[in-house]
Amino acid sequence: MQITDKKVEEYCISKSNLPSKDCLAIEEYTRANVHGAGMLIGKMEASFIGFLLKSIKAKRVLELGTFTGYSALTMAEQLPADGEVITVDINQETVALAKDFWGKSEHGHKIKSVLGSGLDIIPTLTGKFDFVFIDADKRNYIDYLKLTVPMLSPNGMIVIDNVLWGGAVLPDVVLDLTQHRDRNTEFIRLVNDYVAASDDLYGTLMPIRDGMFLIQRK
Ligand SMILES: C[S@@+](CC[C@H](N)C(=O)[O-])C[C@H]1O[C@@H](n2cnc3c(N)ncnc32)[C@H](O)[C@@H]1O
(Lines give C-alpha, C1' and ligand atoms only; values in the text may rest on other atoms or scores of the structure.)
Protein backbone atom coordinates (compact mmCIF):
# COMPACT_ATOMS: atom_id res chain seq x y z
CA MET A 1 0.00 0.00 0.00
CA GLN A 2 1.33 3.45 -0.94
CA ILE A 3 0.50 5.45 2.19
CA THR A 4 0.38 8.91 0.59
CA ASP A 5 -1.09 9.61 -2.83
CA LYS A 6 1.90 9.85 -5.20
CA LYS A 7 0.77 13.09 -6.83
CA VAL A 8 0.17 14.70 -3.43
CA GLU A 9 3.64 13.65 -2.32
CA GLU A 10 5.20 15.01 -5.53
CA TYR A 11 3.45 18.34 -4.97
CA CYS A 12 4.69 18.48 -1.36
CA ILE A 13 8.21 17.71 -2.54
CA SER A 14 8.03 20.41 -5.19
CA LYS A 15 7.26 23.03 -2.50
CA SER A 16 9.68 21.81 0.18
CA ASN A 17 13.30 22.52 1.00
CA LEU A 18 15.22 19.51 -0.21
CA PRO A 19 18.65 17.94 0.33
CA SER A 20 21.51 19.13 -1.89
CA LYS A 21 22.67 17.91 -5.31
CA ASP A 22 25.23 15.71 -3.52
CA CYS A 23 22.38 13.82 -1.87
CA LEU A 24 20.47 13.67 -5.15
CA ALA A 25 23.54 12.03 -6.70
CA ILE A 26 23.45 9.30 -4.03
CA GLU A 27 19.71 8.83 -4.52
CA GLU A 28 19.98 8.57 -8.30
CA TYR A 29 23.00 6.28 -8.24
CA THR A 30 21.37 4.00 -5.67
CA ARG A 31 18.06 3.79 -7.55
CA ALA A 32 19.90 2.92 -10.78
CA ASN A 33 22.52 0.52 -9.42
CA VAL A 34 21.91 -0.83 -5.93
CA HIS A 35 19.64 -3.68 -4.89
CA GLY A 36 17.10 -2.58 -2.29
CA ALA A 37 17.00 1.07 -3.35
CA GLY A 38 13.41 1.22 -2.09
CA MET A 39 14.99 1.41 1.38
CA LEU A 40 16.11 5.02 0.78
CA ILE A 41 14.18 7.51 2.86
CA GLY A 42 13.70 9.73 -0.22
CA LYS A 43 13.17 13.46 -0.58
CA MET A 44 9.95 13.96 1.42
CA GLU A 45 11.21 12.23 4.53
CA ALA A 46 14.65 13.83 4.20
CA SER A 47 13.07 17.27 4.06
CA PHE A 48 10.96 16.53 7.13
CA ILE A 49 13.91 15.16 9.11
CA GLY A 50 15.90 18.25 8.09
CA PHE A 51 13.11 20.40 9.53
CA LEU A 52 13.15 18.43 12.80
CA LEU A 53 16.94 18.74 13.11
CA LYS A 54 16.76 22.48 12.57
CA SER A 55 13.88 22.84 15.03
CA ILE A 56 15.76 21.21 17.89
CA LYS A 57 19.11 22.74 16.83
CA ALA A 58 20.58 19.26 16.71
CA LYS A 59 24.35 18.86 16.86
CA ARG A 60 24.84 15.14 17.43
CA VAL A 61 22.97 12.43 15.54
CA LEU A 62 23.02 8.64 15.76
CA GLU A 63 21.75 6.69 12.76
CA LEU A 64 21.14 2.94 12.67
CA GLY A 65 21.12 1.87 9.01
CA THR A 66 23.55 3.72 6.71
CA PHE A 67 22.90 1.88 3.41
CA THR A 68 24.45 4.04 0.64
CA GLY A 69 24.73 7.09 2.87
CA TYR A 70 21.79 9.16 1.61
CA SER A 71 19.99 9.83 4.90
CA ALA A 72 23.29 10.37 6.75
CA LEU A 73 24.33 13.11 4.31
CA THR A 74 20.90 14.74 4.28
CA MET A 75 21.14 14.97 8.09
CA ALA A 76 24.76 16.15 8.10
CA GLU A 77 23.74 19.04 5.82
CA GLN A 78 21.42 20.34 8.55
CA LEU A 79 24.01 20.26 11.33
CA PRO A 80 26.45 23.03 12.28
CA ALA A 81 30.08 22.73 11.11
CA ASP A 82 31.04 21.00 14.37
CA GLY A 83 28.04 18.67 14.25
CA GLU A 84 28.36 14.91 14.00
CA VAL A 85 26.41 12.00 12.52
CA ILE A 86 27.48 8.58 13.75
CA THR A 87 25.99 6.02 11.41
CA VAL A 88 26.04 2.25 11.91
CA ASP A 89 25.64 -0.54 9.36
CA ILE A 90 26.76 -4.14 8.86
CA ASN A 91 27.13 -3.96 5.08
CA GLN A 92 30.70 -3.17 4.08
CA GLU A 93 29.87 -2.81 0.38
CA THR A 94 27.14 -0.19 0.68
CA VAL A 95 29.12 1.68 3.35
CA ALA A 96 32.10 1.86 0.95
CA LEU A 97 29.80 3.48 -1.63
CA ALA A 98 28.51 5.87 1.01
CA LYS A 99 32.02 6.96 1.95
CA ASP A 100 32.85 7.73 -1.69
CA PHE A 101 29.83 9.99 -1.94
CA TRP A 102 30.42 11.72 1.41
CA GLY A 103 33.98 12.46 0.30
CA LYS A 104 32.57 14.70 -2.44
CA SER A 105 30.47 16.78 -0.06
CA GLU A 106 31.54 19.74 2.08
CA HIS A 107 29.44 18.17 4.88
CA GLY A 108 31.01 14.71 4.61
CA HIS A 109 33.53 15.43 7.38
CA LYS A 110 30.66 15.47 9.91
CA ILE A 111 29.84 11.80 9.26
CA LYS A 112 31.51 8.97 11.15
CA SER A 113 30.72 5.50 9.86
CA VAL A 114 30.84 2.53 12.23
CA LEU A 115 30.75 -0.96 10.73
CA GLY A 116 28.97 -3.49 12.88
CA SER A 117 25.66 -4.61 14.21
CA GLY A 118 23.56 -1.99 15.99
CA LEU A 119 23.15 -4.06 19.14
CA ASP A 120 26.94 -4.48 19.45
CA ILE A 121 27.82 -0.89 18.59
CA ILE A 122 25.27 1.12 20.61
CA PRO A 123 26.67 0.08 24.04
CA THR A 124 30.15 1.24 22.93
CA LEU A 125 28.98 4.80 22.21
CA THR A 126 29.41 7.55 24.76
CA GLY A 127 27.81 10.96 25.22
CA LYS A 128 24.31 12.17 24.46
CA PHE A 129 22.53 12.41 21.11
CA ASP A 130 20.08 15.10 20.03
CA PHE A 131 18.55 12.91 17.36
CA VAL A 132 18.45 9.15 16.80
CA PHE A 133 17.24 7.75 13.50
CA ILE A 134 16.33 4.06 13.64
CA ASP A 135 16.26 2.61 10.12
CA ALA A 136 18.02 -0.77 10.30
CA ASP A 137 16.84 -4.36 10.89
CA LYS A 138 13.24 -4.40 12.09
CA ARG A 139 13.82 -7.41 14.37
CA ASN A 140 15.84 -5.20 16.71
CA TYR A 141 13.75 -2.05 16.53
CA ILE A 142 12.42 -2.43 20.06
CA ASP A 143 15.89 -2.98 21.52
CA TYR A 144 17.30 -0.07 19.53
CA LEU A 145 14.60 2.10 21.02
CA LYS A 146 15.11 0.88 24.60
CA LEU A 147 18.90 1.28 24.32
CA THR A 148 18.84 4.78 22.84
CA VAL A 149 16.18 6.48 24.98
CA PRO A 150 18.67 6.89 27.88
CA MET A 151 21.21 8.32 25.41
CA LEU A 152 19.01 11.28 24.43
CA SER A 153 19.95 14.84 25.30
CA PRO A 154 17.25 16.79 27.23
CA ASN A 155 15.44 17.95 24.05
CA GLY A 156 16.48 14.89 22.09
CA MET A 157 14.24 12.99 19.74
CA ILE A 158 14.08 9.52 18.21
CA VAL A 159 12.56 8.81 14.81
CA ILE A 160 11.76 5.24 13.85
CA ASP A 161 11.25 4.63 10.14
CA ASN A 162 8.88 2.32 8.24
CA VAL A 163 6.47 1.96 11.14
CA LEU A 164 3.46 1.58 8.81
CA TRP A 165 5.26 -1.08 6.75
CA GLY A 166 3.14 -0.47 3.68
CA GLY A 167 -0.03 -0.67 5.81
CA ALA A 168 0.67 -4.25 6.93
CA VAL A 169 0.73 -3.22 10.61
CA LEU A 170 -3.00 -2.41 10.55
CA PRO A 171 -4.83 -4.76 12.92
CA ASP A 172 -7.11 -6.36 10.32
CA VAL A 173 -4.19 -7.47 8.11
CA VAL A 174 -3.66 -11.23 8.43
CA LEU A 175 0.02 -12.19 8.35
CA ASP A 176 1.82 -15.21 6.98
CA LEU A 177 4.62 -15.72 9.51
CA THR A 178 6.51 -18.04 7.16
CA GLN A 179 7.29 -14.86 5.18
CA HIS A 180 10.25 -12.67 6.23
CA ARG A 181 8.31 -9.50 5.47
CA ASP A 182 5.41 -10.53 7.68
CA ARG A 183 7.70 -11.51 10.54
CA ASN A 184 9.06 -7.98 10.29
CA THR A 185 5.48 -6.69 10.45
CA GLU A 186 5.20 -8.35 13.86
CA PHE A 187 8.40 -6.65 15.08
CA ILE A 188 7.13 -3.27 13.91
CA ARG A 189 3.71 -3.81 15.55
CA LEU A 190 5.59 -4.63 18.74
CA VAL A 191 7.55 -1.38 18.81
CA ASN A 192 4.49 0.68 17.83
CA ASP A 193 2.47 -0.90 20.67
CA TYR A 194 5.36 -0.36 23.09
CA VAL A 195 5.55 3.37 22.37
CA ALA A 196 1.77 3.73 22.49
CA ALA A 197 1.61 2.02 25.90
CA SER A 198 4.64 3.79 27.41
CA ASP A 199 4.03 6.28 30.24
CA ASP A 200 7.52 7.73 29.73
CA LEU A 201 7.47 8.43 26.00
CA TYR A 202 5.55 10.99 23.94
CA GLY A 203 5.04 9.51 20.48
CA THR A 204 3.44 10.76 17.28
CA LEU A 205 3.10 8.34 14.41
CA MET A 206 3.06 10.26 11.13
CA PRO A 207 1.84 8.85 7.79
CA ILE A 208 4.85 10.24 5.94
CA ARG A 209 6.28 7.89 3.28
CA ASP A 210 6.17 4.47 5.01
CA GLY A 211 5.36 5.86 8.45
CA MET A 212 7.60 7.72 10.90
CA PHE A 213 7.29 7.43 14.69
CA LEU A 214 8.46 10.66 16.36
CA ILE A 215 9.38 10.02 19.98
CA GLN A 216 10.55 12.14 22.88
CA ARG A 217 10.84 11.53 26.58
CA LYS A 218 7.89 13.03 28.48
C1 LIG B 1 16.52 0.83 5.25
S2 LIG B 1 18.24 0.65 5.00
C3 LIG B 1 18.86 2.21 5.54
C4 LIG B 1 18.54 3.32 4.55
C5 LIG B 1 19.22 4.63 4.86
N6 LIG B 1 18.86 5.09 6.19
C7 LIG B 1 18.84 5.69 3.85
O8 LIG B 1 17.68 6.08 3.78
O9 LIG B 1 19.73 6.14 3.09
C10 LIG B 1 18.64 -0.48 6.26
C11 LIG B 1 20.11 -0.74 6.48
O12 LIG B 1 20.23 -1.44 7.73
C13 LIG B 1 21.35 -2.27 7.65
N14 LIG B 1 21.30 -3.29 8.71
C15 LIG B 1 20.68 -4.49 8.68
N16 LIG B 1 20.90 -5.14 9.84
C17 LIG B 1 21.66 -4.34 10.61
C18 LIG B 1 22.21 -4.45 11.91
N19 LIG B 1 22.02 -5.54 12.65
N20 LIG B 1 22.94 -3.43 12.39
C21 LIG B 1 23.14 -2.32 11.65
N22 LIG B 1 22.65 -2.15 10.40
C23 LIG B 1 21.92 -3.15 9.89
C24 LIG B 1 21.30 -2.84 6.23
O25 LIG B 1 22.57 -3.30 5.84
C26 LIG B 1 20.77 -1.63 5.44
O27 LIG B 1 21.84 -0.93 4.82
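This is a predicted model: local features need pLDDT of at least 70, side-chain atom pairs count only at pLDDT 80 or more; totals for chains, interfaces and linings use all residues.

Residues are numbered from 1 along each chain as its sequence is written. Helices (H or I, at least four residues) and strands (E, at least two) are DSSP runs, numbered from the N terminus.

**Helix 3**
- Helix 3 takes in residues 42-55, 14 residues in total, and its first and last C-alpha atoms are 20 Å apart, close to the 20 Å expected at 1.5 Å a residue (that is, 1.5 Å times one less than the number of residues).
- Gly42, Lys43, Glu45, Ala46, Ile49 and Leu53 are its buried residues (buried means 20 or more other C-beta atoms within 10 Å of a residue's own, exposed means 12 or fewer, partly exposed is in between, and C-beta atoms are placed from the backbone).
- They cover an arc of only 165° around the axis, which puts them on the same side of helix 3 (the arc is that of the directions from the helix axis to the C-beta atoms).

**Helix 8**
- Helix 8 (residues 180-197) should span 26 Å with its 18 residues at 1.5 Å a residue, and its end C-alpha atoms agree, at 26 Å apart.
- Thr185, Ile188, Val191, Asn192 and Val195 are buried in helix 8.
- Looking down the axis of helix 8, the buried residues fall within an arc of 130°, so they line one face.
- Asp193 and Ala197 are exposed, on the face of helix 8 turned away from its buried side.

**The nonpolar core**
- Val61, Leu73, Ile134 and Ile160 touch the most other members of the largest nonpolar core, which has 51 residues (a nonpolar core is a set of buried Ala, Val, Leu, Ile, Met, Phe, Trp, Tyr and Cys residues joined through C-beta atoms within 7 Å).

**Around the ligand**
- The ligand is surrounded by 19 residues, and the closest are Met39, Gly65, Phe67, Tyr70 and Asp137 (near means a C-beta atom, placed from the backbone, within 6 Å).
- Helix 4 (70-76) and strand 2 (84-89) each supply at least two residues of this shell.
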